[in-house]
Amino acid sequence: MKTNLTPETITRYQRDGFVKIDSFLSAQELETWRTRITAAVTDRNERIPGANDGGGVGDDFYDNVFTQRVNLWRTDNQLKQLVLKEDIGKMAARLEGVDGVRIWHDQALFKGPWANPTAWHLDDPYWSFYSRHATTIWVALDDVTAQNGALYFLPGSHKQARLDNVDLGPNVGDLFKVYPEWKTHEPVCLEMKAGDASFHNGIMPHAAGPNMTPHPRRAFAMIFMPDGSVFNGIRNVMPSKQFESLKKGDVLNDDEFNPLIYPVPQSRSVE
Ligand SMILES: O=C(O)CCC(=O)C(=O)O
Ligand SMILES: [Fe+2]
């Protein structure tokens with residue numbers, strides 16, 4: 001894993017709100033991640049573990065944006081050992097300029113053949129805490145191109161973003177009704193080789209194209225929140241047990257659900 005960050009990379013990330021890390025995984029690591037993550041997705045028949053949300057996948061627009069499987073680390077111990085790494089958390093903390101980070105959740109995002117586009121959106125307003133310093137690492141498990149569902153970003157727009165947002169509906173550009181000032185911004189399409197990764201800030205506007213190929217576009221994302229983030233009352237991907245234990249304003253510091261990834265406390269190691 002290439003987890004070092006140059007000062008230039010950090011500066012670019014903070015300016016643009018996203019950055020690409022070429023060859024984040026070695027060829028061998030890529031093989032291991034792809035195999036393990038694909039197996040975990042196959043084994044998991046519900047979207048969110050312990051959420052009692054039915055988890056059924058139907059045939060409407062959203063069901064064909066991607067196959068989403070959340071918190072694989074909680075149900076697959078091998079995957080947990082592989083991906084919950086202090087070094088990755090450290091990258092997230094350095095990019096965001098925060099002292100420590102917890103995992104909010106991980107998710108496999110597999111765009112199947114002929115999948116719908118992912119509409120423009122911000123991430124953080126969906127989540128159970130508000131922060132301008134959460135970040136997602138999105139690891140490409142296949143080559144990602146403009147043809148099969150690459151991510152698009154509006155560089156620098158995280159600086160103007162509010163908490164207003166839209167659902168991932170069929171109108172790709174609904175976000176621009178909420179932020180008309182972004183309508184004329186030129187997006188960047190981030191093509192990636194399998195094993196590359198990107199980080200994007202939690203309030204960075206982004207989208208992904210449709211998959212216009214007969215092959216899957218597989219990606220694995222991990223979302224890090226600054227240590228000390230507090231519950232805002234939104235359930236999002238919380239399992240019932242966690243949601244029922246919280247009231248608005250509580251610090252999200254339960255290691256069962258949101259372990260501190262960086263710095264790893266002396267008393268515990270995720271190895
Ligand atoms: O993979 C996609 O299509 C969208 C990813 C995304 O929105 C995210 O990781 O926040
Ligand atoms: Fe997103």
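Predicted model: local features only at pLDDT ≥ 70, side-chain atom pairs only at ≥ 80, totals over all residues.
Reader: Where is Ser-23 found?

Author: Ser-23 is found in the loop between β1 (18-21) and α2 (27-43). Residues are numbered from 1 along each chain as its sequence is written, while chains are lettered from A and ligands numbered from 1 in the order in which they are written.

Reader: Why is Ser-23 called partly exposed?

Author: Ser-23 has 14 other C-beta atoms within 10 Å. A residue is buried if 20 or more other C-beta atoms, placed from the backbone, lie within 10 Å of its own, exposed if 12 or fewer, and partly exposed in between. The value for Ser-23 lies in between, and the residue is therefore partly exposed.

Reader: What is the phi of Ser-23?

Author: The phi of Ser-23 is near 50°, a positive value in a residue other than glycine. Most residues other than glycine have a negative phi. Asn-236, in the loop between β10 (217-226) and α7 (240-244), also is not a glycine and has a positive phi, of about 45°.

Reader: Which label does Asn-148 receive, buried or exposed?

Author: Asn-148 has 22 C-beta neighbours inside 10 Å and therefore counts as buried. Asn-148 lies in the loop between β5 and β6 (151-153). Its contacts beyond four places in sequence are Asn-211, Met-212, Thr-213, His-215 and Arg-217.

Reader: Which two residues are joined by a cis peptide bond?

Author: The cis bond joins Tyr-262 and Pro-263, with omega about -10°. Most peptide bonds are trans. Pro-263 is in the segment after β11 (260-262).

Reader: Which residues have the most contacts inside the largest nonpolar core?

Author: They are Ile-37, Ala-92, Val-101, Ile-137, Val-139 and Phe-224, in a core of 67 residues. A nonpolar core is a set of buried Ala, Val, Leu, Ile, Met, Phe, Trp, Tyr and Cys residues joined through C-beta atoms within 7 Å. Apart from this core lies another, of five residues, among them Ile-48, Ala-51, Val-70 and Val-237. In soluble globular proteins, nonpolar side chains tend to be buried together.

Reader: Which residues of helix α5 are buried?

Author: In α5 (residues 86-96), Ile-88, Gly-89, Met-91, Ala-92, Ala-93, Leu-95 and Glu-96 are buried. These buried residues pack against α1 (7-16), β3, β5, β8, β10 and β11. Gly-97, with a positive phi near 65°, follows α5.

Reader: What makes β4 and β7 stand at the edges?

Author: The open sheet has four strands in the order β4-β9-β6-β7, with antiparallel pairing. β4 (118-121) and β7 (188-190) each have a single partner strand, so one side of each is left without a neighbour in the sheet.

Reader: How many bridges join β4 to β9?

Author: Two bridges join β4 to β9, and the strands run antiparallel. Two strands pair if DSSP finds at least two bridges between them, so β4 and β9 meet the requirement. Within this pair, His-121 stands opposite His-206 in β9.

Reader: Which residues of β1 are buried on its two faces?

Author: Phe-18 and Lys-20 are buried on one side of β1, and Val-19 and Ile-21 on the other. β1 pairs with β8 (residues 197-201) in the antiparallel sense over four bridges, and Ser-198 in β8 is the bridge partner of Lys-20.

Reader: Which classes make up the shell around ligand 1?

Author: The shell has six nonpolar, four polar and two charged residues. Ala, Val, Leu, Ile, Met, Phe, Trp, Tyr, Cys and Pro count as nonpolar, Asp, Glu, Lys and Arg as charged, and the others, Gly among them, as polar. Lys-111 and Asp-123 are in the shell and are therefore counted as charged. A residue belongs to these surroundings if its C-beta atom, placed from the backbone, lies within 6 Å of the ligand. The strands β3 (101-111), β5 (135-140), β9 (206-208) and β10 each supply at least two residues of the shell.

Notes. Contact = placed C-beta atoms within 7 Å.
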